[in-house]
Amino acid sequence: MHASPNTIPWPPLIYIAAIALSILLAFALPLPWISGLLGDILFATGWLAVLGAVALYVSALQAMRRAETTIMANRPAERLVTDGAFAVTRNPIYMGITLLMVGVGLITGIAWFLPLALLAAFVTQKLAVEREEKHLEARFGKKYRDYAKRVRRWI
């Protein structure tokens, strides 16, 4: 049995903190937002981002379910998943949550969601993704390295 990539499931904690901080900052230090036609375009773009996030997430879950492997970031991977959303990005769930935050920011006009989504993605990469990649390379070797050459980490 291979060791877990993380002892703490960092990604959900990081994104929950980023979402909470975005909302708190919106009340404590609101940033201006764009109105008019451009604001309407950003609102519509936000809904497209949310739909894209949901599609990534659902596709990733279905691929992981088909492969009969865990979704938990603090458990060892049983199988290397390379189909579905994983054929587009090596981190479709994290990408989806980041995209969801961006979409919510565009829909609500809470500008804090945008930089904090990027910050959450960066912290997730440092605390989880890089460890997960080492775990996957140790567990699957050349098969993972070949996959990593074909598919980008994020987009």
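A pocket, as the word is used here, is an open set of grid points with protein on both sides within 12 Å along at least five of seven lines. The model shown in these views is predicted.

**View 1. The largest pocket of the predicted model.** The volume of this pocket is about 650 Å³. Its lining is made up of 33 residues, and those closest to the centre are Met64, Ile71, Ala73, Tyr94 and Glu132. Sorted by class, the lining residues are 24 nonpolar, 5 charged and 4 polar. Rolling a probe the size of a water molecule over the atoms is a way to show where empty space is left.

**View 2. The helices around the largest pocket.** Which helices each supply at least two residues of the lining? They are helix 1 (10–28), helix 2 (36–67), helix 3 (92–108), helix 4 (113–140) and helix 5 (142–150). The protein has 5 helices and 0 strands, and its pattern along the sequence reads α-α-α-α-α.

**View 3. An aromatic pair, Phe43 and Trp47.** In the whole structure, a search finds 2 aromatic pairs. In the pair of Phe43 and Trp47, the ring centres are 6.4 Å apart and the planes stand at 75°, so the pair is edge-to-face; the label applies to planes over 60 degrees apart. Both residues belong to helix 2, where Phe43 and Trp47 are 4 residues apart, or about one turn of the helix. Are these two residues buried, exposed or partly exposed? Phe43 has a relative accessibility of 40% and therefore counts as partly exposed. Trp47, at 44%, also counts as partly exposed.

**View 4. Leu136 and its contacts.** Leu136 is found in helix 4. Neighbours within four places in sequence are left aside here, and Leu136 is then in contact with Ala77, Leu80, Gly141 and Tyr144. How far apart are Leu136 and Ala77 in sequence and in space? They are separated by 59 residues in sequence, and their C-alpha atoms are 7.3 Å apart. For the protein as a whole, 77% of the contacts between residues at least 6 apart in sequence join residues at least 24 apart.

**View 5. The whole protein, for orientation.** The C-alpha trace spans about 55 × 25 × 25 Å along its principal axes. The protein has 155 residues, of which 41% count as buried.

Definitions and conventions
Residues numbered from 1 in each chain as written. Predicted model: local features only at pLDDT ≥ 70, side-chain atom pairs only at ≥ 80, totals over all residues. Heavy atoms only, no water. 1 Å grid on protein atoms, 1.4 Å probe; cavity = no way out; pocket = protein on both sides within 12 Å on 5 of 7 lines; lining within 4 Å. Points joined across faces, edges and corners; volume = space filled by probe spheres on them. Nonpolar A, V, L, I, M, F, W, Y, C, P; charged D, E, K, R; others polar. Phe/Tyr/Trp six-rings, centres within 6.5 Å; stacked < 30°, edge-to-face > 60°. Buried < 20%, exposed > 50% of the residue type's maximum accessible area, 1.4 Å probe, protein only. Contact = heavy atoms within 4.5 Å.
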